[in-house]
Amino acid sequence: MERSTTVRLRPLEAGGVGYKVVNEANPDEYYVLENRQHVGWDNGLMKLGHGMLVVHVDYDETAWKNNMLNTNATHQRMSFIPANNRYVGPYNAESSADLLNALGGQPYPGTEGNTALTNETTPASLVFTGTWMNKPITRIRELENGDIVLKYMPKGRLEAPVVETAVEVASNSFKFSWSPSENATFYTVKVYGISGDGQWTEHPVFVADSLSETCCTVRLDDTGYQSYAYGVSALDDEYEDSEFSDYGYVQLPADAVRQVSAEDGASVEVYSLHGVLLARSREEMLNLNPGIYILRTEDKAVKIVVK
């Protein structure tokens, strides 16, 4: 690899390939980046972790011909750069469990959550010829499908956009815009639901990837939350993704028009729009004045109109 880019590594056993990072001071010294997952032949690595392995190679023809790659403890010519910074083998492990634990932490991000290999990280990108590799690898992450995504020699980090107030707000949708981020090519939008007690959903209720415009229309399948938080991140292949923007908030108009019945009163609570508890029992609900209320169950809150 010779330029700033975003790299996606598929598992070797799923047709992926390795990437070579060469030391400019010595073309025979390089790192090999490869993705090892519990697939195919690599399924035997089940106890040894999974993720991106970084193999440090310092090629010497004589050493290879004489099978003397790693006979010098201080100059091993083919070894891993462990994400957990533990250089442990059969001869210095405290126990077999310690050995498995150390080996399992070698891939990136791995058990340590190590997401970068640069001149400043631990471990650092050291080389034998010269001092540093000087080719930072950052934002290493493992996707749910087992692919590894990383930034190679990023030119910097993009500035986070600034979101604007939501417009065109309807019962199941809204639209918002944001300021452009310099050098950004695409944007990712995430929207979270917020319940009546202020808790955000664990996962986004809406995601839009690879947006080239600086606006997005959000259409929601689940409109059962009291309000929604929306944010955006800027992306480009040659830069690190921006942090997500400060979130904007929007409250949708009433999405249900019905009478509050005895069945409702058996399992829900009714609040005013200001969060004041007004009714729990059937009698209290039947005495509600016409208006808009928040009807809350154990897992969500919706707006209702009482006629």
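Reader: Glutamine 199 first. Buried or exposed?

Author: Glutamine 199 is exposed, with a relative accessible area of 52%. Exposed means over 50%, buried under 20%, and partly exposed in between, using a 1.4 Å probe and protein chains only. One caution: this is a predicted model, where local features need pLDDT of at least 70, side-chain atom pairs count only at pLDDT 80 or more, and totals for chains, interfaces and linings use all residues. Residues are numbered from 1 along each chain as its sequence is written, and side-chain values use heavy atoms, with hydrogens and water left out.

Reader: Where does glutamine 199 lie?

Author: In the loop between β9 (186-194) and β10 (206-211). Strands here are DSSP runs of E, at least two residues; helices are runs of H or I, at least four; both are numbered from the N terminus.

Reader: What is glutamine 199 in contact with?

Author: Gly193 and Ile194, leaving aside neighbours within four places in sequence. Contact means heavy atoms within 4.5 Å.

Reader: And how many Å apart are glutamine 199 and glutamate 61?

Author: 62 Å, C-alpha to C-alpha. In sequence they are 138 residues apart.

Reader: So what does the C-alpha trace span along its principal axes?

Author: About 90 × 45 × 30 Å. The chain has four helices and 17 strands. Its radius of gyration is 27 Å, well over the 19 Å that the globule rule gives for 307 residues, so the chain is more spread out than a compact globule. That radius is taken over C-alpha atoms, and the rule is 2.2 Å times the number of residues to the power 0.38.

Reader: How many of the residues count as buried, in %?

Author: 43% of the 307.

Reader: Switching to glutamate 34. Buried or exposed?

Author: Glutamate 34 counts as buried, because its relative accessibility is 13%. This residue is in strand β3 (residues 26-36).

Reader: Which side chain does glutamate 34 make a polar contact with?

Author: That of arginine 36, at 2.8 Å. A polar contact is a pair of N or O atoms within 3.5 Å; within protein, one must be able to donate a hydrogen and the other to accept it, and residues adjacent in sequence count only if both atoms are side-chain atoms. Glutamate 34 also touches Leu12, Gly51, Met52, Leu53 and Val55, not counting residues up to four places away in sequence.

Reader: What order do the strands take in the open sheet with β3?

Author: β2-β3-β4-β5, with antiparallel pairing. The edge strands, each pairing on one side only, are β2 (19-23) and β5 (78-80). Two strands pair if DSSP finds at least two bridges between them. Strand β4 (residues 51-58) and β5 pair over three bridges. Histidine 56 stands opposite serine 79 in β5.

Reader: Now β7. How many of its residues are buried?

Author: Five of the five in β7 (residues 148-152), so the strand is largely enclosed by the rest of the structure. Ile148, Leu150 and Tyr152 are on one side, with Val149 and Lys151 on the other.

Reader: Which residue stands opposite lysine 151 from β1?

Author: Threonine 6 stands opposite lysine 151. Five bridges join β1 (residues 5-9) to β7, and the two run antiparallel. Threonine 138 also stands opposite lysine 151. Strand β6 (residues 137-142) pairs with β7 over four bridges, again antiparallel. In the hairpin of β6 and β7, glycine 146 takes a positive phi near 95°.

Reader: Last topic. Which residues touch the most other members in the largest nonpolar core?

Author: Phe174, Phe176, Trp178, Val189, Val191 and Cys216, out of 23 residues. A nonpolar core is a set of buried Ala, Val, Leu, Ile, Met, Phe, Trp, Tyr and Cys residues joined through side-chain atoms within 4.5 Å. β12 gives the largest share, four residues. A second, separate core of 19 residues includes Val7, Met52, Leu117 and Tyr152.

Reader: How many bridges pair β9 with β12?

Author: Nine, in the antiparallel sense. Valine 189 stands opposite valine 232 there. Both strands belong to an open sheet in the order β10-β9-β12-β13.
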